[in-house]
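Here are my notes for a first look. Please keep the structure open while you read them.

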Amino acid sequence: MLDLTWLLIAVPLASSIVLMLAGKRANPWGHWVGVAASGSTFIVGLGAFIQMLGLDSEERAHAVHLFSWIPGGELNLDAGLLVDPLSMTFVLLVSFVGTLIHVYSVAYMEHDPNRRIFFAYLNLFVAAMLLLVLADSYLLLFVGWEGVGLASYLLIGFWNYKPEYATAAKKAFVVNRIGDIGLIIAMGLMFAYLGAVDFETVFAEAPAASTATLTAIGLTLLLAACGKSAQFPLQSWLGDAMAGPTPVSALIHAATMVTAGVYLIVRSAPIYAGAPAAQTAVAAVGAFTLVLGALIGMAKDDIKKALAASTMSQIGYMMLAAGLGPVGYAFAIFHLVTHGFFKAGMFLGAGSVMHGMKDQVDMRRYGALRTAMVTTWITFGLGWLAILGIPPFSGFWSKDKIIESAFVGEGAQPWILGGAALIGAGLTAFYMSRLFFMTFHGKARWTDDQHPHESPAMMTVPMIILAVGSAFLGLILAVGDRFAVWLEPVTGHVEHHEPVLPVPVLIAATLILVALGVWVAWRKYGAADVPETAPAASLSTIAARNDMFQDSVNRAVFERPGTHLTRTLVYADAAIVDAAVDKQAEAWGKTGETVRRTQNGQVRSYALTMLVGLVIVIIIVVQGGL
Amino acid sequence: MSFVTPVIAWAPLAPIIIVLGAAAIGILVEAFIRTPATRRAAQLALALASLVGAALVAILQWATLDGAGTVVLEHMMVVDRQALAWQSVLLLFGVLGTLLFAARTRAGEEAFTPLGAVAPGSTEETLARRKGMQLTEVFPLALFAVGGMMLFTSVTDLIFLFVALEVFSLPLYILVALARRRRLLSHEGALKYFLLGAFSSALFLFGAALLYGATGSTSFDEVGAGIASATGLDTLILAGAVLVVVGLLFKLGAVPFHSWTPDAYQGAPTPVTAFMGAATKAAATAALIRLVYGALYGLDWELSWLFWTVAIASMLLGTVVALVQTELKRMLAYSSIAHAGFILVAFAGFPDSTLSALPFYLLTYGLATMGAFAVITQVRERGEDGTVLGEATRLGQWAGLGRRSPWLAASMALFLLSFAGIPLTAGFVGKFVAFSAAMSEGAWPLVLVAVIASAAAAFFYVRLIVLMFFTDVPDGQEDAVAVDYSPLARVVVVAAAVAVVLLGIVPGPVLSAFENAGVLLLGAAG
């Protein structure tokens, strides 16, 4: 099975192409082809996983050579796949959650006339995402990286007849481009200073390279990761990306694609090993974003945007862990996996709520849905408990480890990073409980024409499976550090470090803050009445409602100067470059008109031209020069 | 004085013999088949069969040749890989040219006058046209031209070179004069071509005489040896060398020996222009290579002045004057002058890589030329009563062609881009290998001029593309231009377009074949 991993990419890609080309005749069966393609990736992935479990841990990295891709000169690159515990983790996550979401989408998109195309894009996404995590070189990873970007763009703008959705897609595309530039520059630096872009050579050369080189590569990789994972300062696109159909938000903008940045950082561990400054930058970005996302999440009334802010914040946790170095890598990926389950589950729950509420997304018009949608309420509730980090649910095992690791170190760093992680946990508890209570508890604030009902089984079954994962996966993987040991061939073995505060104190502090967050949320949104329109609020709440004015900041810092720069350039182009070209063209034209006169049609003057030319040429040659 | 029976190796001559033999048979066909339609069919079949057959033989010989090649006739003629490469290219142009010669409009109109020997506009002409007479001599004439050109690429003796030159020139003079429409223009172009050609032949012979006087031989190898050992005869040798080179530069259409080009290109029937533009340039380049590398190698420093001057003058004049042309065929004529300059760039410093770069360059240039003129034959003026008239060659008439016949206009755009040397077309690779050859000898100023001239030249190529695709047809002119699809011309356009794209994207196999041809055999025995 390990040698068949190329099928993981080929099958969904082929299915995607078929669905795109098949046309309307594929409408009755197209979505099932999509589900089958996605399901087959899970089966192949599972087979490969079982085979890998049978190997010793040091033999688990398996290279699959595909073909000679760029043969030539100094850059000689083969296309190949690297199947190791890290990529296998992603393969299982993407194919399993992806398949569940495919099934869910069959029902969710039932009435959409373009369901076939939707599945084509979903399959394209699965193929690109698996290529991204399986690639054995940065360049091939980049192909997948752009592929998921494309799929994300297409799916955010899936309902592009609404101008604001099309704009959202474009925004995601443009912001991601900035991150992509980082990856391109990083590859350029690798090629220039390390002589290759494949993982094996780069990682072998990295220890010998200078700190400056590695720091530059590390920071550009971080820029790439920020773009894809919606981390500060490139976070602005994720909220708008909720314009896409909800299964897309669940799969791409919560569980998988947005975590690609974390994958990139963890995969590049040997580079960060030699660049402590870049590593600290990763942790700082993560810590900042996790608080920022949580603050935004506290003020959002749109259920999907609140979840998006939460995703941003949770990825901040993963980035923070990845920025801690080998101590944190395993926990970053651990949290990524558990988050993939509970966040995807909650998004599907949100989709189920929207399905029952005629696409209403304003939580102020929800309330008391626990009776109308029991399954959704329970499954969502398990996700809620997981993200809060209540033991023994999944989130507790992964998030608590990150908080612990953040407190490891010397000087002020553990206090700042750890403090941010700890406060983030309390904020998370508040905004997630707010979301949960506003939706499922309190009084019904539905609009008159709404009759909430439970979604069909094809939607609830995936939600139930994900909820089971949200509940128990963390515990299963955490027992005996099973997950950390599994990743050890990639992240390396790390001795246990003691945090600056004792572990029981940290756990207790976290749980107290979480309980506090839940209690405040209950008081304000569970027990008390929630107004149907957002009340006037303090300046800080307004700032949070407006995503901390991220768009205004971007406009002032980038767009306006950019516009002025382009205007200046256009002017300079017209006044200097064009004018020079025009004048020159005029001069050429005039010369042409003059020379043209020698072609006067008289054969005798032609012969004279030849003769004079000949004489001149003979003189030049005999003289030996002009 | 005693005569020795010359020893001739016949087998390597097979392609030339096939073509010239078919030409001779073609003359007999003229005499014995009286029905025009049958005669035409027979001539066409004969020409195509002989050209394709000869091409297959030439390519087979090229592929199976051991060593550098064969001395066919001591001191006089060789057939080596270089010669076979050029012969294959020429035969390809011959095949495409013959197809164009045979192309007819939908109304059955040929490119050639029904009777070449009568005065334009005379009653005899009208009568000949009404009786459906056809001038099928064009096929044997083309075969003679191709045969002469093939000889031209292989001879290693100045006198023999002159004979070959005349063998292919004389049929071309006649062909140029045979246009069906605008016959006076055609006659004028042919006469100018003939007069100036005679002038340049005289210069060539004069140069040959001077070289004979200086070295005592007309054979390349002995002239070369004579130059190497010469002391004190420099001026005689130099003048002789310049004169023979100029004789070939005339055929190449390089400045200042270019004056015939615009008039002949414009006046000639367009199929003849296509054939002449592609094949004459190739033959002239082949002979120039053999002359310079075989006989005049010792004068590389002195002759470099000649090549640099002429190359720069050709590139600049060709480009500058093409900018202001309003007639399509004249514009392409000036473009061909600029291309003569680009070809000469590869001679700077006489690098070895020129031997493989130029056959490829001329292949790409010739394909684009064939294709472009084949497109021109299909864009026609339309009379008031809707009849299809002669070719629409004023630039303005091509406005909006892209909307009317997108495929035809797209192929034209492809050929123009190839002329301009835009990447992913054959022309780019051609220019790249030619200029690389010059760079390898450090002639970067020349390459710089060449690149600037290429960039400036792109202007008038792209102007036509803009005209075809982005300009509306002037009001009231919607019906003034007709696209007359002729199946044979379309075959040429498609073949050339496919080749231009393929050679632009995967030039590897053909390039390596020509690399294998970069070997010259000098005339001496053994």
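1. Leaving aside its neighbours within four places in sequence, which residues is Val19(B) in contact with? The list is Ser50(B), Leu51(B), Ala54(B), Leu143(B), Val146(B), Gly147(B) and Met150(B). Bear in mind that this is a predicted model.

2. Val19(B) belongs to the largest nonpolar core, which has 213 residues. Val19(B) is among those with the most contacts inside that core. As background, nonpolar side chains tend to be buried together in soluble globular proteins.

3. Now chain A as a whole. Its secondary structure comes to 25 helices and 2 strands. Chain A has 626 residues, and buried ones make up 52% of them. Take the contacts in chain A with a separation of 6 or more: residues 24 or more positions apart account for 80% of these.

4. Next, look at the sheet in chain B. Three strands form an open sheet in the order β4-β3-β5 (chain B), and the pairing is antiparallel. β4 (388-391) and β5 (481-483) of chain B stand at the edges. Each has a single partner strand, so one side of each is left without a neighbour in the sheet. From one strand to the next, the twist averages 45°.

5. How many bridges join β3 and β5 of chain B? Strand β3 (residues 379-382) of chain B pairs with β5(B) over 3 bridges, in the antiparallel sense. Within this pairing, Val379(B) stands opposite Val483(B) of β5(B).

6. A helix packs on this sheet: α14 (residues 354-378) of chain B. Helix α14(B) touches β3, β4 and β5 of chain B. The direction of α14(B) makes about 20° with that of β3(B).

7. Finally, a helix pair. Helices α9 (residues 234-252) and α11 (residues 270-294) of chain B pack at an angle of about 160°. Their axes are 8 Å apart. Angles over 145 degrees count as roughly antiparallel, and α9(B) and α11(B) are therefore roughly antiparallel to each other. The crossing of α9(B) past α11(B) is left-handed.

8. Which residues make that contact? From α9(B) come Val244(B), Leu248(B), Lys251(B) and Leu252(B). From α11(B) come Thr280(B), Lys281(B), Ala284(B), Thr285(B), Ala287(B), Leu288(B) and Leu291(B).

Notes
Residues numbered from 1 in each chain as written. Chains lettered and ligands numbered in written order. Predicted model: local features only at pLDDT ≥ 70, side-chain atom pairs only at ≥ 80, totals over all residues. Core = buried A, V, L, I, M, F, W, Y, C linked by C-beta atoms within 7 Å. Buried ≥ 20, exposed ≤ 12 C-beta atoms within 10 Å, placed from the backbone. Contact = placed C-beta atoms within 7 Å. Helix = DSSP H or I, 4+ residues; strand = E, 2+ residues; numbered from the N terminus. Pairing = 2+ DSSP bridges. Axes fitted to C-alpha atoms, helices over the stretch in contact; angles between N-to-C directions. Parallel < 35°, antiparallel > 145°, perpendicular 65-115°, else oblique. Left-handed = near helix turned anticlockwise from the far one by under 90°.
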